[in-house]
Structure formats: structure tokens, C-alpha cells
Amino acid sequence: HINVAMLMPTYSLKEIMEFLNQLHANNNRQWFAEHKSEFLHVQQEFNEFVKELISGISTFDPSVTGLTPSDCTYRIYRDVRFSDDKSPYKTHFGAFIAKGGKKSRYMGYYVHISMGGDAYPHCHMIAAGDYCCDAKVLQVVREDILDGEGDFHDIVTRVADSRFVLDRDNSLKRNPKGFPDGAPWSEYLRLKNYCLVYMPDNNFMLSPNPVERIVELLRTAKPFVDYVNRAIEYVRGGGF
């Protein structure tokens, strides 16, 4: 067992945020090329931060043990092919820590460091779950919720006692096909994303040891992550 509180930070989120603010003001290839060494420095700082997150999360979710930052982090370069915004670089660093890494399609834990704004992508974000569920997984999760006699509601209610809120963006207006109107727990059946979200301010992220605070928050979300991952395992095992 690793005592996260005893770990001394080997990174500076303040330096990362300062660089991202500069990048936001100068989001072009010439500026980035001239400041490439600064980018590489803060990228390494973020990787050290992610190492500590993985270590901390593994104390309550052993499925992430052994992951490296490269398994969980994303490139700074934006794909602008289908976007009206042609800014070449992201102004945040993100890491998705899940069983098998970011491409595994399992539910997991997401941490996003940005400039400290009020809205995505400029806000900081701590999340659990995922934004993109396979249609077969959605079907199984919804069936589990309907048949679970309130077990999913109990999990969401307990997690709500922490800082997380359930992401209800893009929810269906009516129950999905196969789930009659008036079915129990319809508010959860209509979700298209099963994700918990908290957007901390700079005071939270710049506290003496933010990893300790983030890990303890994510610990409360593990039953939620496990609930959906159970459906993923069922689908992958050919049970659907």
C-alpha cells in the first residue's frame, strides 16, 4: 500500500498552467517551435504527475497497476481536419487511467489540467467513467439498471456526497427503444454517457499535494466505474 500523502511532488502544476496560458495566447506553429524546449519540460512535469496518479489509483484499483504515462496521455497536437477551429495545439494536458490504458475501451479515471477557466476545455476536470459507450454496452448497462432494484441509484447517490455530479449532457428525451416510458430509473436509462464529473478550481489544483486529493476523490467513484466495466466484460465475453 502506498501512502500518497507521503509522496513529495516532483512536478509543478503551476508551471504547466502558465505554459498553457501562453500557448493559448500564441497558438501557432512558429511560437510553439520557438518554445519547444519549454513544452518538453512541462510535458515531463505532467508525466511525473500522471505517474503519481497511477500509483495512487492503483492502491484502490489494482487493474491500473503497471501503466505508464504513455499508456494514458494524449498528444498536444489537435486534429483540425473536421473542425472550424484551426488552432494547431490543445491548451490542456489530459490523462485517462483505465485497465489496459487509454485505448482499452474500459471505463476509468480522467484528469485534465488546463488554464483554470470556467468551461471545457479551459477548465480543470476530474472525471470517472467514459464519454463513448459502445451500443451493446449501453444496452447491458440499461438492463442492469432496470433490473437492479435501485443499486445504480444507490451508487450515484453515495458518490454525490463527494464533489462529483453525473453528466447528463445529451441525454435522450424519451426512454430508449425496448424500455417503456415510466420504467423505473428512467433518468438513468436515458443517459448516453455514463460519466461523473468535477471541475476543480485553481485552489484545488495548486494545493500542496493535489494527487492526494484527486486520488481520494476518485476512490469514491470506483463502484460507479466497476458497475459499467462489469457490462463491458459481459459484452466482451460474448454474453450479449
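Student: What makes the contact between D181 and R174 a salt bridge?

Tutor: In this predicted model, the closest N and O atoms of D181 and R174 are 2.7 Å apart, and a salt bridge requires a side-chain nitrogen of Lys or Arg within 4 Å of a carboxyl oxygen of Asp or Glu, so the pair qualifies. Side chains of opposite charge can pair when their charged atoms come close.

Student: How many salt bridges does a search of the whole structure find, and what does the one between E233 and K99 tie together?

Tutor: The search finds nine salt bridges, and one of them joins the side chains of E233 and K99 at 2.9 Å, N to O. E233 lies in helix α9 (residues 210-236), whereas K99 belongs to the loop between β1 (93-98) and β2 (108-113), so the pair ties together parts that are 134 residues apart in sequence. Both residues are partly exposed, E233 at 36% relative accessibility and K99 with a relative accessible area of 34%.

Student: Where do R219 and E216 lie, and what makes their contact a salt bridge?

Tutor: R219 and E216 both lie in helix α9, three residues apart, which is about one turn of the helix. An α-helix has 3.6 residues a turn, so residues three or four places apart point the same way. The closest N and O atoms of R219 and E216 are 3.0 Å apart, which is within the 4 Å cut-off, so the contact counts as a salt bridge. R219 is partly exposed at 30% relative accessibility, and E216 is likewise partly exposed, with a relative accessible area of 40%.

Student: How do you know what span to expect of helix α5?

Tutor: Helix α5 (residues 135-147) has 13 residues, and because the expected span is 1.5 Å times one less than the number of residues, the expectation is 18 Å; the helix reaches 18 Å from its first C-alpha to its last, close to that value.

Student: Which residues of α5 are buried, and what do they pack against?

Tutor: V137, L138, V140, V141, R142 and I145 are buried in α5. The buried residues of this helix pack against α6 (151-160), α7 (186-189), β5 (194-198) and α9.

Student: Which residues have the most contacts inside the largest nonpolar core, and which element gives the most to this core?

Tutor: The largest nonpolar core has 69 residues, and those with the most contacts inside it are F49, I97, I113, F164, Y194, I214 and L218. Helix α9 gives the most to this core, with 13 residues. Leaving aside residues up to four places away in sequence, L218 touches I57, F60, Y109, V111, I126, A127 and F164.

Student: What makes β1 and β4 edge strands?

Tutor: Five strands form an open sheet in the order β1-β2-β3-β5-β4, with antiparallel pairing. β1 and β4 (165-166) each have a single partner strand, so one side of each is left without a neighbour in the sheet.

Student: What makes β2 mostly covered?

Tutor: Six of the six residues of β2 are buried, and buried means under 20% relative accessible area.

Technical notes
Residues numbered from 1 in each chain as written. Predicted model: local features only at pLDDT ≥ 70, side-chain atom pairs only at ≥ 80, totals over all residues. Heavy atoms only, no water. Helix = DSSP H or I, 4+ residues; strand = E, 2+ residues; numbered from the N terminus. Buried < 20%, exposed > 50% of the residue type's maximum accessible area, 1.4 Å probe, protein only. Contact = heavy atoms within 4.5 Å. Core = buried A, V, L, I, M, F, W, Y, C linked by side-chain atoms within 4.5 Å. Pairing = 2+ DSSP bridges.
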